[in-house]
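Subject: Structure handover

Hello,

Here is the structure for you to look through. My notes follow below it.

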Amino acid sequence: MKTILITGAAGFIGSNLAQALVSDNKIIGFDNVNYYYDVNLKEHRLLQLQSYENFTFIKGDLADKHVVDSIFELYKPDIVVNLAAQAGVRYSIDNPQAYIDSNLIGFFNILEACRNYPVDHLVYASSSSVYGSNKKVPYATDDQVDNPVSLYAATKKSNELMAHAYSKLYDIPATGLRFFTVYGPAGRPDMAYFKFTNKLVKGEKIQIYNYGDMYRDFTYIDDIVTGVVNVMNKAPEPNEDGVRYKVYNIGNNSPESLMDFVNTLEDKLMKYGIINSVADKELLPMQPGDVYQTYADVSELEKDFGFKPSTSLDEGLDRFAKWYREYYKVGGDK
Ligand SMILES: NC(=O)c1ccc[n+]([C@@H]2O[C@H](COP(=O)([O-])OP(=O)(O)OC[C@H]3O[C@@H](n4cnc5c(N)ncnc54)[C@H](O)[C@@H]3O)[C@@H](O)[C@H]2O)c1
């Protein structure tokens, strides 16, 4: 049985990862349970984990070096999966400090702790946003990504650089995962599919940016979890420079247009009786920090793990709508 530290365990991806691992491993979940979005949802996710004997939850801030060190000292994790971060592109325009504290100082504290309490593998969340306005598609991990278009993206790229330096200097096996628009049941209310749903339920108009001309590689949560588990269990071999360091994309490898996505979402919400009619749509220009499209090249992931995400948007949004109906007690009985 391995001891796995999951930071961001009350978060969307962290809680699903902990669920997948808790039967066979000792999970230390860490999270500051902040108010970036509805805390009830974070508590709901934690509640489902707290019934497991193998799950220990510690509430604390990644930017607090003392707390992070004390967790490593006490539990000596074999594997660390760092998912805690200030997420969101648009929020970083108005709240830059949160990204410096959680994503830079917090990640530095994780790296220092891995240096002082050696681990078998450090896996950490990066993001498709590092590709900025990359023109070439699909996005591959050997594309040059030196032109971030948001502070969020800049912190995620920094994480990859910081991890490389620590891997090289202190021989810490480290893998960065660039996630592409993750969605699913009990997902993040700050993300478009969830915000649209909340508005549709209230009969409000929805805002569609870049006049609907945007593409996203929507990736279902279970595919992300399978990807993380595969990667986590196999630390990278030394590369040509002798550094045990890797970065992978985890994305659906099939971008969908924003308009198709909204239509599918509306169909699913109608199917479950959550809404009765489609919404008015307000078409607006592109928002600062946003990108035209995301599209993951997952050939490296396939080559090294024989796996790539495969859940269709139709299936994924169906499960989201079903969950939404049950969680918020709205809609019919279908
Ligand atoms: N969901 C996506 O589409 C997506 C895409 C790309 C990358 N990512 C990255 O994946 C990771 C997980 O994302 P998610 O969607 O589960 O986000 P989330 O916001 O649901 O989860 C992050 C969790 O980290 C916690 N947290 C934030 N700052 C903290 C701090 N300083 N100390 C302790 N805990 C802190 C939050 O309370 C939250 O519960 C993040 O690093 C995010 O940037 C997510």
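**Domains**

The chain is assigned domain 1 (3–182 + 219–250) and domain 2 (192–216 + 254–293 + 311–328). These bounds come from an automatic or database domain assignment. This is a predicted model, where local features need pLDDT of at least 70, side-chain atom pairs count only at pLDDT 80 or more, and totals for chains, interfaces and linings use all residues. Residues are numbered from 1 along each chain as its sequence is written, and side-chain values use heavy atoms, with hydrogens and water left out.

The C-alpha centres of domain 1 and domain 2 are 27 Å apart. Between the domains, 18 residues of domain 1 are in contact with 15 residues of domain 2. Contact means heavy atoms within 4.5 Å.

**Cores**

The largest nonpolar core has 71 residues. Ile6, Val81, Phe179 and Phe261 have the most contacts inside it. This core lies between domain 1 and domain 2, because both give residues to it. A second, separate core has 27 residues, including Val67, Ile71, Ile110 and Ala163. On terms: a nonpolar core is a set of buried Ala, Val, Leu, Ile, Met, Phe, Trp, Tyr and Cys residues joined through side-chain atoms within 4.5 Å. Buried means under 20% relative accessible area, exposed over 50%, and partly exposed in between (1.4 Å probe, protein chains only). In soluble globular proteins, nonpolar side chains tend to be buried together.

Which residues does Phe179 touch, leaving aside neighbours within four places in sequence? They are Ile13, Leu83, Ala125, Ser126, Ser127, Ser128, Ile224, Val228 and Ile250.

Ala125 sits in strand 5 (residues 121–127). Ala125 is buried, at 8% relative accessible area. With neighbours within four places in sequence set aside, Ala125 is in contact with Asn82, Leu83, Lys156, Asn159, Leu177 and Phe179. Ala125 and Asn82 are 43 residues apart in sequence, yet their C-alpha atoms are 6.3 Å apart.

Ile221 belongs to helix 8 (residues 221–232). Ile221 counts as buried, at 1% relative accessibility. Not counting residues up to four places away in sequence, Ile221 touches Phe12, Ile13, Asn16, Val182, Tyr183, Gly184 and Pro185.

**Helix packing**

Helices (H or I, at least four residues) and strands (E, at least two) are DSSP runs, numbered from the N terminus. Axes are lines fitted to C-alpha atoms, for helices over the stretch in contact, and angles run from 0 to 180 degrees between N-to-C directions. Angles under 35 degrees count as roughly parallel, over 145 as roughly antiparallel, 65 to 115 as roughly perpendicular, and the rest as oblique. A crossing is left-handed if the near helix is turned anticlockwise from the far one by less than a right angle, and right-handed if clockwise.

- Helix 5 (residues 96–116) and helix 6 (residues 151–170) pack at about 15 degrees, with axes 10 Å apart. They are therefore roughly parallel to each other. Helix 5 passes helix 6 in a right-handed crossing. Among the residues in contact are Tyr99, Phe107 and Phe108 of helix 5, and Tyr152, Met162 and Tyr166 of helix 6.
- Helix 7 (residues 192–201) and helix 11 (residues 313–328) have axes that come within 12 Å and cross at roughly 55 degrees. That makes helix 7 oblique to helix 11. Helix 7 passes helix 11 in a right-handed crossing. Tyr193, Phe194, Thr197, Asn198 and Val201 in helix 7 meet Phe320, Trp323, Tyr324 and Tyr328 in helix 11.
- Helix 9 (residues 258–271) and helix 11 pack at about 45 degrees, with axes 9 Å apart. Helix 9 is thus oblique to helix 11. The crossing of helix 9 and helix 11 is right-handed. The contact includes Phe261 and Leu265 of helix 9, and Leu317 and Phe320 of helix 11.

**Backbone points**

Val137 and Pro138 are joined by a cis peptide bond, with omega about -10 degrees. Pro138 lies in the loop between strand 5 and helix 6.

Val33 is a residue other than glycine with a positive phi, near 45 degrees. Val33 is in the loop between strand 2 (26–31) and helix 2 (39–50), and counts as buried at 7% relative accessibility.

Ala186 also has a positive phi, near 55 degrees. Ala186 is in the loop between strand 7 (182–183) and helix 7, and counts as buried at 11% relative accessibility.

Best wishes
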